[in-house]
Amino acid sequence: MQVVLDTMVPVLCVVAVGFLIEGRTPISMESLSQLALLVCSPCLIFAELARDHGAIAGGLQIVGATLFIMAVTGLVGFLGLGLLPGRPRGLLLPIMFWNAGNLGLSVARLARGSEGFEVATLAFVTVAAAQAVFAGWIASGRGGGLALLRMPIAWSAVLGILCSLSDRRPPEMVMEPIRILGEAAIPLLLVVLGMQLRRLKLTRPWPTIYAFVVRSGVGLLAGLAFTSFFAIEGVMRDVILIESVLPPAIISLMFAQRFGAAPEDVASAIVGGTLASFIVLPVLLALL
């Protein structure tokens with residue numbers, strides 16, 4: 001129980017800061033979000049992956065698990081859309097793509113230390129890359145793969161892995177400012193999450209319940225199946241299961257709004273899933 005409290009209370013406190021300041025200060029959520037996603041997060045990922053060869057140990061397992069969970073939840077979600085009025089294809093976005101950045105990195109680091117954070121970093125990059133490639137296609141029916149080439153997060157991950165494998169890194173005078181900027185990523189992401197929750201509203205109960213059951217319920221079953229089949233244990237298993245129940249990524253709403261893919265359903269699913277995660281995650285952490 002102490003591990004649960006030590007993990008979730010700091011996360012909730014920082015999220016609450018963003019929730020409380022949204023609309024009450026001149027601080028722009030859009031500016032903070034851009035700073036976190038375009039500058040601080042790429043620095044954080046590069047610094048972590050470039051540290052040593054151990055940073056990418058087991059990389060294929062977490063990448064494979066992430067893609068497997070994504071595929072299973074996407075397939076189940078697609079098959080069940082016929083049960084909902086209008087078959088809202090946009091609902092696949094919050095079902096398939098989860099919040100591996102704001103919550104995933106924070107919970108993994110607090111719950112399982114630097115090793116857990118390194119595993120969660122690769123999951124974050126995998127989710128971000130898959131979302132860049134497939135989210136536009138899901139929302140609009142057209143391909144969106146070129147978006148990946150414009151993502152600093154993807155390039156920072158590639159460079160970090162190359163530095164790790166070659167055991168060569170930039171000089172310390174370059175690495176230190178990268179680390180400093182990277183350390184600001186997690187608190188910024190959590191503050192932005194709180195600000196986003198303040199703006200969104202829970203208005204569509206049935207699509208929200210459906211998205212939550214598939215995202216976290218089916219996701220957990222997929223994570224358990226993957227770790228059992230490949231006999232994965234320890235920190236890797238814990239992080240895979242944490243990733244499997246994380247709530248929807250808020251960026252999914254951007255794709256839904258851009259292409260008119262049931263944005264009201266998507267927004268409601270994000271809010272409901274995020275609020276429910278503050279119950280689901282402590283329970284899961286207590287059982288790990």
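Visitor: What is the mean pLDDT of the chain?
Guide: The model is predicted, and the predictor's confidence in each residue runs from 0 to 100. In this chain, 92% of the residues reach 70 or more. The mean pLDDT of the chain is 84.

Visitor: Which element of the chain has the lowest mean pLDDT?
Guide: Where pLDDT is low, the predicted coordinates should not be read in detail. Among the elements of the chain, helix α10 (residues 234-245) has the highest mean pLDDT, 96. The lowest mean, 76, belongs to helix α11 (residues 252-259).

Visitor: Are α5 and α10 roughly parallel or roughly antiparallel to each other?
Guide: Two packed helices are described by the angle between their axes and the distance between the axes. The axes of α5 and α10 lie 10 Å apart, and the packing angle is about 170°. Angles over 145 degrees count as roughly antiparallel. Therefore α5 and α10 are roughly antiparallel.

Visitor: How many charged residues are in the contact of α5 with α10?
Guide: From α5, the residues that meet α10 include R112 and E115, and from α10 those that meet α5 include D238 and E243. The contact of α5 with α10 also has 9 nonpolar and 2 polar residues. Its number of charged residues is 4.

Visitor: Are α5 and α12 roughly parallel or roughly antiparallel to each other?
Guide: The axes of helix α5 (residues 100-140) and helix α12 (residues 263-287) come within 13 Å and cross at roughly 30°. Angles under 35 degrees count as roughly parallel. The two helices, α5 and α12, are therefore roughly parallel.

Visitor: Which residues in α5 meet S277, F278, L281 and L285 in α12?
Guide: The crossing in which α5 passes α12 is right-handed. By class, this contact of α5 with α12 has 6 nonpolar residues, 1 polar residue and no charged residues. The residues on the α5 side are L103, V107 and A111.

Visitor: Is T274 buried or exposed?
Guide: T274 has its place in helix α12. Not counting residues up to four places away in sequence, T274 touches L193, L197, P247 and P248. Its relative accessible area is 0%, and the cut-off for a buried residue is under 20%. T274 is therefore buried.

Visitor: What is the relative accessible area of T208?
Guide: T208 is found in helix α9 (residues 205-229). Leaving aside residues up to four places away in sequence, T208 touches L202, S268, A269 and G272. T208 is buried, with a relative accessible area of 7%.

Notes:
Residues are numbered from 1 along each chain as its sequence is written. This is a predicted model: local features need pLDDT of at least 70, side-chain atom pairs count only at pLDDT 80 or more; totals for chains, interfaces and linings use all residues. Side-chain values use heavy atoms; hydrogens and water are left out. Axes are lines fitted to C-alpha atoms, for helices over the stretch in contact, and angles run from 0 to 180 degrees between N-to-C directions. Helices (H or I, at least four residues) and strands (E, at least two) are DSSP runs, numbered from the N terminus. Angles under 35 degrees count as roughly parallel, over 145 as roughly antiparallel, 65 to 115 as roughly perpendicular and the rest as oblique. A crossing is left-handed if the near helix is turned anticlockwise from the far one by less than a right angle, and right-handed if clockwise. Contact means heavy atoms within 4.5 Å. Ala, Val, Leu, Ile, Met, Phe, Trp, Tyr, Cys and Pro count as nonpolar, Asp, Glu, Lys and Arg as charged, and the others, Gly among them, as polar. Buried means under 20% relative accessible area, exposed over 50%, partly exposed in between (1.4 Å probe, protein chains only).
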